[in-house]
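Trainee: Could we walk through this model together? I'd like to get from the overall layout down to the individual strand partners.

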Amino acid sequence: MADIVRDVMTPGVVAVRPDASLVEAAQLMRAQDIGGVLVAAEGTVLGVLTDRDITLRAVADGADPLTVSAQAVCTPHPVAVSPDDSVTAAVALMRQYAVRRLPVIEDGRPVGMVSLGDLAVALDPTSTLAQISGTEPDSWPG
């Protein structure tokens with residue numbers, strides 16, 4: 001069983017500039033097959049933007065996703081973990097703040113992301129969530 005975040009996180013950073021449009025962010029999420037990106041400037045994380053944020057904070061209000069910036073819709077000052085934090089601590093933060101993803105920050109710089117699915121695969125590989133998270137998605141369209 002994995003004990004620290006480094007063992008379960010998805011390494012690497014997928015980020016957009018604060019002024020990126022929601023369309024840019026959504027296209028990046030689709031291309032990377034992920035549900036969220038970091039909003040960052042000069043290596044500093046400003047927020048986390050998820051597909052849900054785009055849907056509920058912009059599209060549902062009729063906002064034009066071509067003109068709304070990632071920073072305007074993201075969750076600012078996200079809760080984060082270090083790669084050397086315990087998996088238990090990451091789970092506790094997700095539970096406390098009701099989030100599904102945590103940026104992983106080392107020496108002030110983002111180095112990855114840990115998701116609820118990552119934790120499920122590591123902690124309970126036979127769970128339904130782990131099985132869903134470990135399955136390759138179908139490409140869309142076609």
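**Layout, sheets and a pocket**

Mentor: Among contacts in the protein (heavy atoms within 4.5 Å) between residues at least 6 apart in sequence, 55% join residues at least 24 apart. Mind that this is a predicted model, where local features need pLDDT of at least 70, side-chain atom pairs count only at pLDDT 80 or more, and totals for chains, interfaces and linings use all residues. Residues are numbered from 1 along each chain as its sequence is written, and side-chain values use heavy atoms, with hydrogens and water left out.

Trainee: In what order do the elements of the protein run from the N terminus on?

Mentor: Helices (H or I, at least four residues) and strands (E, at least two) are DSSP runs, numbered from the N terminus. There are six helices and seven strands in the protein. From the N terminus on, the order is β-β-α-β-β-α-α-β-α-β-β-α-α.

Trainee: What is the order of the open sheet of four strands?

Mentor: Strands count as paired if DSSP finds at least two bridges between them. β2 (15–16) and β5 are the edge strands, each pairing on one side only. β3 and β4 pair in the antiparallel sense over six bridges, while β2 and β3 (residues 36–41) run parallel, joined by two bridges. The pairing is mixed, and the order is β2-β3-β4-β5.

Trainee: Which residue in β4 stands opposite A40?

Mentor: β3 and β4 form a hairpin with two residues between them, and E42 in the turn has a positive phi of about 50°. Across that pair, the residue opposite A40 is V45.

Trainee: And which residue in β5 is the bridge partner of G47?

Mentor: β4 and β5 run antiparallel, with two bridges joining them. In β5, the partner of G47 is P76.

Trainee: How many of the seven residues of β4 are buried?

Mentor: Buried means under 20% relative accessible area, with exposed over 50% and partly exposed in between (1.4 Å probe, protein chains only). Helix α1 (residues 22–32) lies across β2, β3 and β4, at about 80° to β4. β4 is mostly covered, and the buried count is five.

Trainee: Over to the sheet of three strands: which residue in β7 stands opposite E106?

Mentor: That open sheet has the order β1-β7-β6, with antiparallel pairing. Its edge strands are β1 (10–11) and β6 (101–106). β6 and β7 (residues 109–115) pair over six bridges, and opposite E106 stands R109.

Trainee: At about what angle does helix α5 run to β7?

Mentor: Axes are lines fitted to C-alpha atoms, for helices over the stretch in contact, and angles run from 0 to 180 degrees between N-to-C directions. Helix α5 (residues 116–123) lies across β1 and β7, and its angle to β7 is about 65°.

Trainee: Which element gives the largest share of the lining of the second largest pocket?

Mentor: On a 1 Å grid over the protein atoms alone, a pocket is an open set of points where a 1.4 Å probe fits, with protein on both sides within 12 Å along at least five of seven lines; lining residues have an atom within 4 Å of a point. Of the 17 residues that line the second largest pocket, the closest to its centre are T50, D53, T75, V99 and R100. β4 (44–50), α2 (51–57), β5 (75–76) and β6 each give two or more residues to the lining. The largest share, five residues, comes from α2.
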